[in-house]
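Good morning, and thank you for coming.

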Amino acid sequence: MLLRPSGDLVPDVRRIAALRANSIGDFVVAIPALAALRAAYPDAQVTYLGTEWHETWLGDRPGPWDVVTTVPPYPGFRGHSGSTDSPELRAFFAEQQAHRYDLALQLHGGGLQSNPFVTRLGARITAGSRDSGVPPLDRCLPYAKHQHEVLRFLEVVGLVGAPPVTLEPTLYVTAADRRESLGVLEPTERPLVAVHPGANDPRRRWPPASFAAVADTLVAAGAEVVLIGTADEAHLTGEVMGRMRETSTDLAGRLSLGGTTALLERCSLLVANDSGPRHIAGAVGTATVAVFWCGNAINVGPLTRRRHRLMLSFRICCPVCGAEQSRDRCEHDVSFVADVDVDDVRREALDLFAAVLG
């Protein structure tokens, strides 16, 4: 057994709620925990409580969830502030309480805001992590900042008797995803390599010039390079393209999240920062080389190395003001990973590219 559950199965479970209302990578690392819940309670309906993009992306996608519901703006979730007793939230919790959940799982972190949220769902049994001084749930485990999120959430579902069935997240790619992807980029003769220079946190972004250098090397090795990102990241993909000597295709802003999922499935390799697309690529079976800030590698880095390589920056002090960042964040948004060596990334990318092609 991968991890022994610390709690017993709950009898007569028909409805389960799982809260994880944040970003793409945050969702992907929770998939093994959701799969464990599905296996332990195969007859229960699992409701995933997420954000608008979860509902759009996952609503018709097969997976270890049955219903995807959008959580209204709630203080502490994704930077929201305000009252926990707004009319919208009162209506939301009344609707959720009417479902009469048997289990409600907090897959959100230390629980300062999320434990009271989960308690308001009115479930028969609640479970999750609990940081120091945070309101308890029925079944809790201590919150440890430096723990891989996959293992953290597997421990959480273990509180209700669900043993792991996998450590690796997997995502189903739909026919609609593939149609969108092929409508934007037709099949190519050369193997595809995607490059994603974006990341939500600017401190986690490797310089576009460095991505361009690696992309040029991969084109010379026989790859067709596509640059991916949201419309808001077009300035980054544009800079990578502008610094490349070889030809590439810029798809920033041209694909939905579903279309991006299918495009990544078509790729032999993704070269990226620690970002949502990197997590998606791993979950659809694509090899990845990613530049990580050391703390994030502990929490969300890939668990295996045969098809996934981490290029680490151990910088913890701001390059501008020198402030140490492990506890508090300074005001500067400069890259903390710029010192990751281009030759090291190039070597790992070429090694994986050659291995994938066989």
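Does Arg-178 count as buried, partly exposed or exposed? Arg-178 counts as partly exposed, because its relative accessibility is 36%. Here, buried means under 20% relative accessible area, exposed means over 50%, and partly exposed lies in between, with a 1.4 Å probe and protein chains only.

A word on the source of these values. This is a predicted model, in which local features need pLDDT of at least 70 and side-chain atom pairs count only at pLDDT 80 or more, while totals for chains, interfaces and linings use all residues. Residues are numbered from 1 along each chain as its sequence is written, and side-chain values use heavy atoms, with hydrogens and water left out.

Let us stay with Arg-178. Its side chain meets that of Glu-265 in a salt bridge, at 2.7 Å from N to O. Arg-178 belongs to helix α7 (residues 175–184) and Glu-265 to helix α10 (residues 257–266), so the pair links distant parts of the chain, 87 residues apart. Helices (H or I, at least four residues) and strands (E, at least two) are DSSP runs, numbered from the N terminus. Glu-265 also counts as partly exposed, at 28% relative accessibility.

The structure holds 19 salt bridges, a salt bridge being a side-chain nitrogen of Lys or Arg within 4 Å of a carboxyl oxygen of Asp or Glu. Another of them joins the side chains of Asp-216 and Arg-245, at 3.7 Å from N to O. Asp-216 lies in helix α8 (residues 208–220) and Arg-245 in the loop between α9 (234–243) and β9 (249–250), so this pair ties together parts that are 29 residues apart in sequence. Asp-216 counts as buried, at 2% relative accessibility, whereas Arg-245 is exposed, with a relative accessible area of 71%. Salt bridges that share partners also join Arg-20, Asp-26, Glu-149 and Arg-152 into one network.

How many of the 10 residues of helix α2 are buried? The number is 7, and the helix, residues 31–40, is mostly covered. The buried residues include Ile-31, Leu-34 and Leu-37. The buried residues of α2 pack against β1 (15–19), α1 (24–28), β2 (45–50), β4 (103–106) and α6 (149–158), where contact means heavy atoms within 4.5 Å. Arg-38, also in helix α2, forms a salt bridge with Asp-66, at 3.1 Å from N to O.

Now to the aromatic rings. The count comes to 13 aromatic pairs. Rings of Phe, Tyr and Trp (its six-membered ring) pair if their centres lie within 6.5 Å; planes under 30 degrees apart count as stacked, over 60 as edge-to-face and the rest as tilted. Phe-27 and Tyr-48 form an edge-to-face pair, with 5.5 Å from centre to centre and 85° between the planes. Phe-27 lies in helix α1 and Tyr-48 in strand β2, so the pair ties together parts that are 21 residues apart in sequence. Both Phe-27 and Tyr-48 are buried.

Thank you for your attention.
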